[in-house]
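Please work through the exercises below with the sequence and the model open beside you. Try each task on your own before you read the solution that follows it.

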Amino acid sequence: MESPQEGVERIGALPRVEARLQDEQRLLYASALVWLLFWGLDVLWSLTPTWDTLALRGGWAAATALVGVSLSRVGPGWRAVLRTLVAVVLPNVFMGLLILRLGGSAGHLFSWLGVMPAVALLVGGGVWHAVASTVLCLLMASLVLGAEGAPASKIWVSLLMLVFQTVGIQCVFFYQRLLLERVKSEAEKRLAVQELNASNERALRAERLAQVGRLAAGVAHEVRNPLAYVQANLRFLQEEWALASAEGGDPEVVEALQESAQGVERIHQIVKDLTALSRAEELAAPAGRCALGPVIDTSVRLASVRLKSLVTLAVDMPGAAVAHAEPRRLGQVLLNLLLNAADAIEDAKVRDGRVALRVRQDAERVWLLVEDNGPGIQAEHLSKLFTSFFTTKAPEKGTGLGLALSRQYVESFGGTLRAENRAEGGARFIVELPAV
């Protein structure tokens with residue numbers, strides 16, 4: 001009884017068998033065309049059209065093509081028979097008939113008998129095909145020489161020369177195949193080493209990112225507790241001062257307490273967003289109806305911690321836009337695009353840096369555009385921008401994973417993420433999502 005693993009392996013091998021059969025069929029069709037076109041050499045040799053040789057070559061080509069058609073319609077046993085027929089029997093028999101018609105042993109085709117074993121190797125693929133073809137081509141040469149009434153000495157000399165020629169051609173063929181296999185093996189080895197090194201590097205970077213994520217989650221958790229104390233104490237002070245202000249307290253102190261409470265609430269929201277962001281993979285749900293307003297507010301709030309000291313950030317979102325997406329992952333995408341824009345402006349030392357997040361929509365699609373007035377994207381980098389581990393940043397500033405993951409997330413929503421340079425200068429990243 002076949003095990004499940006064997007069944008899987010058998011099913012997986014089917015496409016490879018089909019591909020091999022198709023390659024064999026293409027080779028046989030090409031061989032049939034070659035046998036037919038060689039009639040031109042027959043005409044050049046005899047300096048007149050030889051219609052009987054055209055018929056012979058046509059029969060050879062037709063038989064070869066018929067074998068190619070039949071390969072995919074018979075079982076493995078019959079395929080072996082057909083391969084022997086087309087690799088060993090047909091070439092030697094038809095070549096013998098052509099030699100008898102075109103000058104016998106003195107003709108130009110007689111020495112070509114030595115090539116038939118190489119044809120058997122090429123078409124049949126097995127060493128025993130070459131051995132059988134060698135025996136058959138010597139038999140055909142003997143029949144041709146015997147039909148001409150050649151003396152035994154000439155027959156033996158001709159056969160000996162034919163053997164040397166056949167062995168020489170096969171040795172060259174085997175040597176070339178050995179060289180090709182060696183080159184292929186070395187190339188595969190180099191490729192395997194490169195892939196292994198790249199995989200190790202990706203694993204190290206992924207581990208560093210995971211450590212940073214765990215560290216961020218831990219820091220956010222530790223900050224949350226003392227932050228709760230500060231919020232509670234501020235509320236207590238506000239309440240106490242409100243009672244005092246009713247009896248003539250200083251209104252400036254009330255305003256200072258309110259501003260402090262707002263600042264602490266902002267810190268609390270940032271810590272909350274950071275915690276949620278570090279657990280985005282764990283909490284990610286299937287894409288569905290996503291209101292863009294809260295997602296944009298969270299992303300802008302997190303990004304403004306860095307953007308505030310570098311650029312002026314503008315948000316343009318007319319109406320209440322809704323798209324098909326997963327909120328946390330979309331938030332990651334927007335945060336990454338905003339921070340990338342800030343990095344580009346900082347690296348280029350652009351004065352009066354500006355970043356804009358614009359939302360546009362119609363009945364079917366929603367577009368989120370993140371634009372900046374930085375240096376833009378170099379033309380040679382546009383095609384590689386979303387490739388994993390490709391980055392133009394310094395090693396301590398970027399890993400080359402942000403844009404690749406962002407595109408992966410957007411495509412999982414059924415959308416697209418692309419980049420372009422603005423005509424007025426700077427870069428533009430366009431997130432296109434299905435509308436809801």
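The exercises that follow go from the whole chain to a sheet, then to salt bridges and finally to single residues.

This is a predicted model, in which local features need pLDDT of at least 70 and side-chain atom pairs count only at pLDDT 80 or more, while totals for chains, interfaces and linings use all residues. Residues are numbered from 1 along each chain as its sequence is written, and side-chain values use heavy atoms, with hydrogens and water left out.

**Exercise 1. The chain as a whole**

Task: Describe the chain by its helices and strands, its buried residues and its contacts.

Solution: Begin with the secondary structure, where helices (H or I, at least four residues) and strands (E, at least two) are DSSP runs numbered from the N terminus. The chain has 13 helices and seven strands.

Next, turn to burial, for which buried means under 20% relative accessible area, exposed means over 50%, and partly exposed lies in between (1.4 Å probe, protein chains only). Of the 436 residues in the chain, 35% are buried.

Last, consider contacts, meaning heavy atoms within 4.5 Å. Among the contacts in the chain with a separation of 6 or more, 70% are between residues 24 or more positions apart.

**Exercise 2. The sheet and its helices**

Task: Work out in which order the five strands of the open sheet lie, and which helices pack on them.

Solution: As background, strands of a sheet pair through backbone hydrogen bonds, either parallel or antiparallel. Here two strands count as paired if DSSP finds at least two bridges between them.

The five strands lie in the order 2-4-5-7-6, with mixed pairing. Strand 2 (311-316) and strand 6 (416-421) are the edge strands, each of which pairs on one side only. From one strand to the next the twist averages 15°, where axes are lines fitted to C-alpha atoms, for helices over the stretch in contact, and angles run from 0 to 180 degrees between N-to-C directions.

Now look at one pair in detail: strand 5 (residues 365-372) and strand 7 (residues 427-434) are antiparallel and share seven bridges. Within this pair, Leu-369 stands opposite Ile-430 of strand 7.

Helix 13 (residues 402-412) lies across strand 6 and strand 7, and runs at about 130° to strand 6.

**Exercise 3. Salt bridges**

Task: Compare where the partners sit in the salt bridges Arg-26 with Asp-23 and Arg-365 with Glu-432.

Solution: Side chains of opposite charge can pair when their charged atoms come close. A salt bridge is counted when a side-chain nitrogen of Lys or Arg is within 4 Å of a carboxyl oxygen of Asp or Glu, and the whole structure holds 10 of them.

In the second pair, the closest N and O atoms of Arg-365 and Glu-432 are 3.0 Å apart. Arg-365 lies in strand 5 and Glu-432 in strand 7, so this pair ties together parts that are 67 residues apart in sequence. Arg-365 is partly exposed at 22% relative accessible area, whereas Glu-432 is buried at 15%.

**Exercise 4. A residue in helix 6**

Task: Describe the burial of Ala-141 and the distance from Ala-141 to Phe-110.

Solution: Ala-141 is in helix 6 (residues 127-147), and its relative accessibility of 0% makes it buried. Although Ala-141 and Phe-110 are 31 residues apart along the chain, their C-alpha atoms are separated by 7.7 Å.
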